[in-house]
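Dear colleague,

I am passing on to you the model we spoke about, with the sequence alongside. Please look through it first, and then read the notes below against it.

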Amino acid sequence: MQSFQTLSNTLIRPLINPAQFDFWAQQFGSTRAWQRCFARVVAVTPEGRNTKTLTLKANSNWQGFVAGQHCNVTAVIGGRNISRSYSLSSDPADGRRLQITVRREFGGLMSEYLCNEVRVGERLELGAAFGDMVLPARTPAHLLLLVAGSGITPAMSMARTLARQGMSSPVTLLYWEKAAEDFNFTAELEAIAREHINFNLQLITTRRDNGNPLHGRVTDALLTQIPNIDSVDQAFTCGSAGFVDKVSNICSARGVALMSEAFTPPAQAAEQTELAEYDVYLRGRDQHLRVNNQISLLEQLESAGVAVPSGCRQGICNTCVCPRSAGTTTDIFSGVTDGEPGQQIRLCVSRAAGNLELNI
């Protein structure tokens with residue numbers, strides 16, 4: 001059977017232009033594609049304040065994911081393809097029926113569109129799943145999930161997966177929001193807690209709230225109030241960079257293994273004190289641009305009208321990676337400058353440190 005399929009693909013592939021196949025499939029309203037993964041929006045469900053869950057049905061090119069991973073989502077907004085990275089909040093066992101949960105960021109082009117404008121029936125494009133903060137093959141003796149804000153989305157996928165598997169060992173989920181109305185998935189999380197004695201759910205508001213006994217920002221003193229916290233042997237955390245930094249310090253002091261992800265970029269290395277401008281040659285376009293040493297190359301290329309695929313815009317997903325044929329760049333976060341020819345650089349977290357040649 002496999003040899004027949006291989007022979008069929010060998011014979012048919014040269015006769016078909018994948019781009020034309022995808023174009024005509026779109027014209028007929030289909031999500032089918034030669035290789036790309038498109039998904040239909042089949043439901044839009046309100047969650048907490050300013051947050052919605054989109055249920056998507058992906059085509060057969062979807063390769064699946066592991067609880068905790070992300071994928072790049074592309075939508076056509078104002079005639080342009082806009083891509084952003086979102087964690088998958090569904091259980092991987094749901095197959096090609098996926099969910100992403102999006103919090104509206106005021107002024108955020110993609111989140112505004114997905115929360116306010118997208119409709120059932122619309123088509124989005126999905127990239128392959130990525131990310132290393134995933135459930136281990138062997139369940140920890142006591143897993144601790146510490147999440148804040150949109151960090152609940154990968155944790156929700158984990159909670160759903162563990163609940164399906166029977167929650168055989170203790171799992172504690174500590175979930176922070178500013179106020180009670182901001183929590184997402186509250187009813188489902190509480191239902192999991194009722195059904196599984198090993199699942200300890202704590203909803204924590206950073207502002208005092210009569211409905212929640214725990215309140216305040218993440219501290220070691222707050223964690224001491226959580227039952228059996230000293231038996232934790234593995235922790236995952238997801239939230240803003242500041243939240244993740246605090247959790248990292250607490251877990252380090254406690255000697256707890258931690259995997260972390262931040263949905264906002266970490267603090268950048270200090271910018272150059274003196275503004276400098278450099279020439280960037282885009283080899284594939286035979287085009288020269290002037291850029292400065294203060295802003296990421298991705299932002300400046302986009303401002304110049306150069307369409308560059310991107311996703312997370314934090315140096316995680318590698319969608320905006322391109323070869324640096326010549327010249328030097330500085331990593332925005334580490335401050336390290338490198339000029340070795342032929343290196344792959346992430347445009348979203350790189351600044352020019354001299355004249356450049358990029359293979360774009």
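**The sheet and its edge**

Strand 3 (residues 70–77) and strand 4 run antiparallel and are joined by 8 bridges, and within this pairing N72 stands opposite S85 of strand 4. Please keep in mind throughout that this is a predicted model. The two strands belong to an open sheet of 6 strands, whose order is 4-3-6-1-2-5 and whose pairing is antiparallel. Strand 4 (80–87) and strand 5 (97–103) form its edges, each of them pairing on one side only, and neighbouring strands of the sheet are turned by 40° against each other on average when direction is ignored. Across strand 2 (51–58), strand 3, strand 4, strand 5 and strand 6 (123–126) lies helix 3 (residues 109–117), which runs at about 80° to strand 3.

Is S87 buried or exposed? Its relative accessible area is 10%, and because buried means under 20%, S87 counts as buried. Its side chain makes a polar contact of 3.2 Å with that of H70, and, leaving aside neighbours within four places in sequence, S87 is also in contact with Q69, Q99, I100, T101, T153 and P154.

**The nonpolar cores**

The largest nonpolar core has 26 residues, of which L145, I152, L173, L189 and F199 touch the most other members. At least two residues of this core come from each of strand 7 (143–148), helix 4 (152–165), strand 8 (171–177), helix 5 (186–195), strand 9 (199–205) and strand 10 (234–239), with helix 4 giving the most, namely 7 residues. Another core, of 25 residues, lies apart from it and includes L56, L88, L98 and M110. As for L145, if residues up to four places away in sequence are not counted, it touches A155, M158, V171, T172, L173, L174 and F236.

**Helix 7**

Helix 7 (residues 241–254) has 14 residues, which at 1.5 Å a residue should span 20 Å, and this agrees with the 20 Å between its end C-alpha atoms. Its buried residues include A241, F243, V244, V247, I250 and C251, and the buried residues of helix 7 pack against strand 7, strand 8, helix 6 (220–223), strand 10 and strand 11 (257–262). After helix 7 comes G255, whose phi is positive, near 75°.

With best wishes

Definitions and conventions: Residues numbered from 1 in each chain as written. Predicted model: local features only at pLDDT ≥ 70, side-chain atom pairs only at ≥ 80, totals over all residues. Heavy atoms only, no water. Core = buried A, V, L, I, M, F, W, Y, C linked by side-chain atoms within 4.5 Å. Buried < 20%, exposed > 50% of the residue type's maximum accessible area, 1.4 Å probe, protein only. Helix = DSSP H or I, 4+ residues; strand = E, 2+ residues; numbered from the N terminus. Contact = heavy atoms within 4.5 Å. Expected span 1.5 Å × (residues − 1). Pairing = 2+ DSSP bridges. Axes fitted to C-alpha atoms, helices over the stretch in contact; angles between N-to-C directions. Polar contact = N/O pair within 3.5 Å; in protein donor to acceptor, adjacent residues only side chain to side chain.
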